[in-house]
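These are my notebook entries on one protein model. I record what I looked up, entry by entry.

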Amino acid sequence: MGRCDTVCLVRSYEGGECSRRERRNSQGVRVGTLLCSSEPQVRGLTLGTLTGTSESMPSITYLFTKLVNIGAFPASKLTSPSQPSFFLSTLPTIRRRLLQRGSATESYSGLWSAILESLPSSLTLQHILASFFAHISVPDAPLDVSAPSRGLVKREATLLRGVIGSLGKEKKYLLDNTSAVVLARDWSEYHARVYTCWVAGASTGVVDRQAISAFLTPTLDMWTSPEHIKYSLLGRHHYLTLLLLTVISYLPTSSATLRDLALSGPFIRSIATYIGHLDPSVRRCGMLVAEEVAHRTGKALDFEDWEGDDGGKPWARSVRQLLSEKDTDSLIPDDDDGDGLIVAEIVEDASEPSGQPLQTSRELSPPPSGYDSDDSLTGYASPPSSRSPSPTPSELAEIEKDPTSHIGRTKVARPVYLAQLGEMIRGTSGLRTEQENQEAEKIEIALDAAEELIRRKRGYGTELEENAVNLVYALVGLNNNYELDGFDVKRQAALNALVACSPRKAAPAIIEEFFKNQYSSDQRFVMLNSLALGSYELGGLTLPDTAAIQPLTGNRISFPSKRLPGVQHERYLLASSTRQVQGLLQDISRLAIEQTREANADRTPNLVRERQLRIRQPERITEVKQPSVAQLVEQIRMSQTASAMTKFTDVAVECFLYPLMNRFWLFLRDEQTREERTAHRDTLHQYRGAGTGLILNALVLSHFLATLGVLVHASRNAPAWLAVVAPDALELAITLGTRPVSRVDEDEEESGGGSSESGADKDARVLTTALELALVVLHACVELDGGRSLSLEHTALLLAGGEWAQGLFERLEKGVLIKGVGGAAEVRLRKAAAGVVIKVDEISERWKRSMVGFAIP
C-alpha cells in the first residue's frame, strides 16, 4: 500500500466521521473498524521502510498528521462507541504484539519509535502522546501499594516503553515533547507512578539513570516554578510532588545529581515559598520533598508535623509508604482479557478487606542476589555489645523521684510578686548566679504561675501597673531554648492576661515592640494574638469553646490566705499561632454576611423605639429604706471593684486602635523611604521591606489585618467609633488591598502587566483579611446607624471599597489566578468579596438620594 492507499484510508475515515454526525452509532462503529484495520497496514508499511524495501514513511507521517487534524487522537478516554479513537481501537492489538517474545517485539517497538520520531510537527506528536497517555489503564486508588497495583503500574510502564522507547539525552526530540505533555497537562497521581516507572526502565534490578537524570531537570523546573506554587490547585500539587519524589527515589544516595539538587538555589527558594503558602496541604508538599531530599543526601531534617488527619497529612503518609518500595521491582500480572481486567481485580480486592496482610511484590518475587534497590538500607553484622542497656523512661522517672539525688540542690520557689516573676523570666540583674543551671526550671515555674499571678494582682494596688511594661518585654522576647512543654500556650496566656488586666500599660508597649526589627514571625504572632484575645476578654465577649487558650476564672484568680496545690495543668496543643485570631475574624465576617438585611429592615428599630415610647408606663414612686451598715460597706466595695475594672470601649481608641494604625502608617512610610534610598544599588544590595519574617510580608501582614479586624469589631460601641475609627479602618483595608506596600509588589506588577487598582496581583491572604476588615466595618456601620455617617461623610471611600470588591469578585468569576489562592482560601476570598459588595450596595441603596451631592467633588 502506497500513498494513494493511505489517502483512501484517510478519506474513508473522513466519510465515516461526517456520516457519524448524521447517523450516530452505526457509522461510528464503521470508523472504529477502519482504525483497527489501519494498525496492521501501518505495521507492514513501517517494516518495509525499516528494511529498505519501501519508502512509505512519508505516507505514514501524512496519515498520522491527518488523523490528528480530524480528531482521531482525543485528549481523554472516550466512553461512547459513537466517538472513535485511534488508541481505543488499536491498543489491545498493540498490547498483544508487545507481549510476544523475541525479535518480533523488538522490531515492532522500533517501528513505533521510528514513526513518532519521524513526525515533523511537535504539536502533532504531543497530540498523539497525550491521547496515548489518556488511554492507559488507571485504577481508583492511585496510591495503592499492594502487589497487583504495583504490577499494573509496571505493566502500563512497559507498554509506554514498548511504544515510545527510552528517554535518553540522545532522543532530545522525544524527551522535550514528552516532558511538555507530562508536565503541562493535568494527570492523576497514578499517571505519575507510570511515567516514573517507564522512564526508569520498567525492569527489575536495572535503572536507566541517564533517562532519570534527563527527566528530573524539567520536572524540577516545573515543581519549583513560583507560578505553579502560587496558582496551581491542590490536585496538581499532589501530582507534581509525587512525580518528583518518585523520580528522586530512583537515584542512589551517592548520586551527584541528588547532591546538586539539595544545594541548588531554586530548590531552596521554592521550599521557602511552599512553607509560606496559605493552604496547609500545599505547604506539606514542600515540607515532604524537603525531608525526603535531606534524608537521601544524609542530612537530618524533620518538621515533626505529620500525625493527624488534617492538612494533607494522610496523603503524605501514603506517599512515604509508596516510596518504601519501587514499582519496577514488582511482577506484571497475567492479562488475558485486555484492558480493564486487572483494574477490576484491584477494585474488587480493595472493596473486600481481608484479615491477611497484603503481600508486597518483594514477597512474591525476591530480587536477584546481590541486588538492593536502596543501599542506605543495607545492614551489617556487629558483635554483641558488652555495655549495659540504656535506662527506660520509667526507670529515669524513678531515678528522678529518688530524694537522695536532690541533695544540695536549691528548690526554685514560685513567685509571689510581679517583680519576682519578671526577674525569673528576664533575668534583669545581668549577673551570673550559682543557680544558672536551674534556668530552665525557673522559666518553667514562672510560666506556670504567670497568668494566675497577673490576674490576682488586677485591681490590687499599683503593683500590676508598675510591672506591666517590664513583663511585656520579658514575655515577648522569651524563646523556648529548653523545649519546655506547653511553652507557647503559657506565654500566650500570660500576655493575654496582661492586656486584659492592664490595657493602658501593656497594649501600647506591645504595639511599640511589634514594630521593632529584632523579633521573629512567631513572636509577632504572639503579640498580635495577645492584643486581639485580650481585647475580646476586656470587652466582655466570650471566646469559642474550641479556642486553644481560655482565660482563668473562679477561685484560681482570687486572693485567699491559704490555697491548696493546684491540679496538674492540662496540656494544650496549639495547632497554629494564627489560627485562633484568624478564626475569630472569619466567624465575625460570616456572621456579617448571614445577618445582611433587606432594604426595609432599617425601619424596624425606629418603629420599635416609637412603640416603646408610647406604651411605656411611668415609674411609680416607691419608698426608699435606709440601708444598713453592712449594705453600705458592700456597696462601697462593689463600686471600688467596678471602678477598677476598665471597659474596653474606654481604652480601645486611645490604647489599641490608633496606636496600632498610626504606628503602622509611620512604619510603612519609613520602610518605603528606605527602599527608595537603596533602589539605585544592585539587586543584591537593595533593601526589601516585604522579606521573609518582616512585617510587610504577606504572612505577617495578613495576621496584622486580622487582629485589626477583631479590635474594630470589639470596639464598635466606643463613642468615637462611627466618626473616627470606621473611616480610618476602612481606608487602611482598601489601601493594603489595592496598593503595593513594597517594591517587590511593584516589580511583580510591572512584570505581570497587572493593575494595582484591582488588587489581583497581591497575595490572597492579604486580600482576604483586608476584605474581611472592610466587611466588619461596613456591617457595624449598618447596625449602628444604617451606614448614614459613612455614606454621607465619606462617600468616595465607600464607593471606592465597593468598586474594589466588585472588580476583584469579577476577576475571580472569570478564573483569573491570584497568588496564593487555592482550596478553602479561594472560597473564603470569594465570600469576603461578595459580602463587601452586598454591604456597599445595601448602604448605597438606602442613602443614594443624599449621596448625590457628596459624590460630586
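**Entry 1: a loop residue.** I began with Glu 483, which lies in the loop between α22 (463–476) and α23 (487–501). Helices here are DSSP runs of H or I with at least four residues, strands are runs of E with at least two, and both are numbered from the N terminus. Glu 483 is not a glycine, yet its phi is positive, at about 55 degrees. Is Glu 483 buried or exposed? Its relative accessible area is 68%, so Glu 483 is exposed. The cut-offs are under 20% relative accessible area for buried, over 50% for exposed and partly exposed in between, with a 1.4 Å probe and protein chains only.

**Entry 2: basis of the values.** I noted that the model is predicted, that local features need pLDDT of at least 70 and side-chain atom pairs pLDDT 80 or more, and that totals for chains, interfaces and linings use all residues. Residues are numbered from 1 along each chain as its sequence is written, and side-chain values use heavy atoms, without hydrogens and water.

Entry 3: Ala 202 sits in the loop between α9 and α10. Its phi is near 55 degrees, a positive value in a residue other than glycine. Ala 202 counts as buried, because its relative accessibility is 11%.

**Entry 4: the whole protein.** I found 36 helices and zero strands. Of the 857 residues, 46% count as buried. I then looked up contacts (heavy atoms within 4.5 Å). Among those between residues at least 6 apart in sequence, 78% join residues at least 24 apart.

**Entry 5: two helices.** Helix α8 (residues 172–184) packs against helix α10 (residues 209–223) at an angle of about 35 degrees, and their axes are 10 Å apart. Axes are lines fitted to C-alpha atoms, for helices over the stretch in contact, and angles run from 0 to 180 degrees between N-to-C directions. Which residues of α8 and α10 meet? From α8 they are Leu 175, Ser 179, Val 182 and Leu 183, and from α10 they are Ala 214, Phe 215, Pro 218, Thr 219 and Met 222.

**Entry 6: aromatic pairs.** I counted 21 aromatic pairs in the structure. Rings of Phe, Tyr and Trp (its six-membered ring) pair if their centres lie within 6.5 Å; planes under 30 degrees apart are stacked, over 60 edge-to-face and the rest tilted. Phe 133 and Trp 198 form a tilted pair, 6.0 Å centre to centre with 55 degrees between the planes. Phe 133 is in helix α6 (residues 122–134) and Trp 198 in helix α9 (residues 189–200), so the pair links parts of the chain 65 residues apart. Phe 133 is buried at 0% relative accessibility, and Trp 198 is buried at 1%. Trp 223 and Tyr 274 form a stacked pair, 4.5 Å centre to centre with 20 degrees between the planes. Trp 223 belongs to helix α10 and Tyr 274 to helix α14 (residues 265–275), 51 residues apart. Both Trp 223 and Tyr 274 are buried.

**Entry 7: a buried arginine.** Arg 455 is found in helix α21 (residues 439–456). It is buried, with a relative accessible area of 7%. What does the side chain of Arg 455 make a polar contact with? The partner is the side chain of Glu 537, at 2.6 Å. A polar contact is a pair of N or O atoms within 3.5 Å; within protein, one must be able to donate a hydrogen and the other to accept it, and residues adjacent in sequence count only if both atoms are side-chain atoms.
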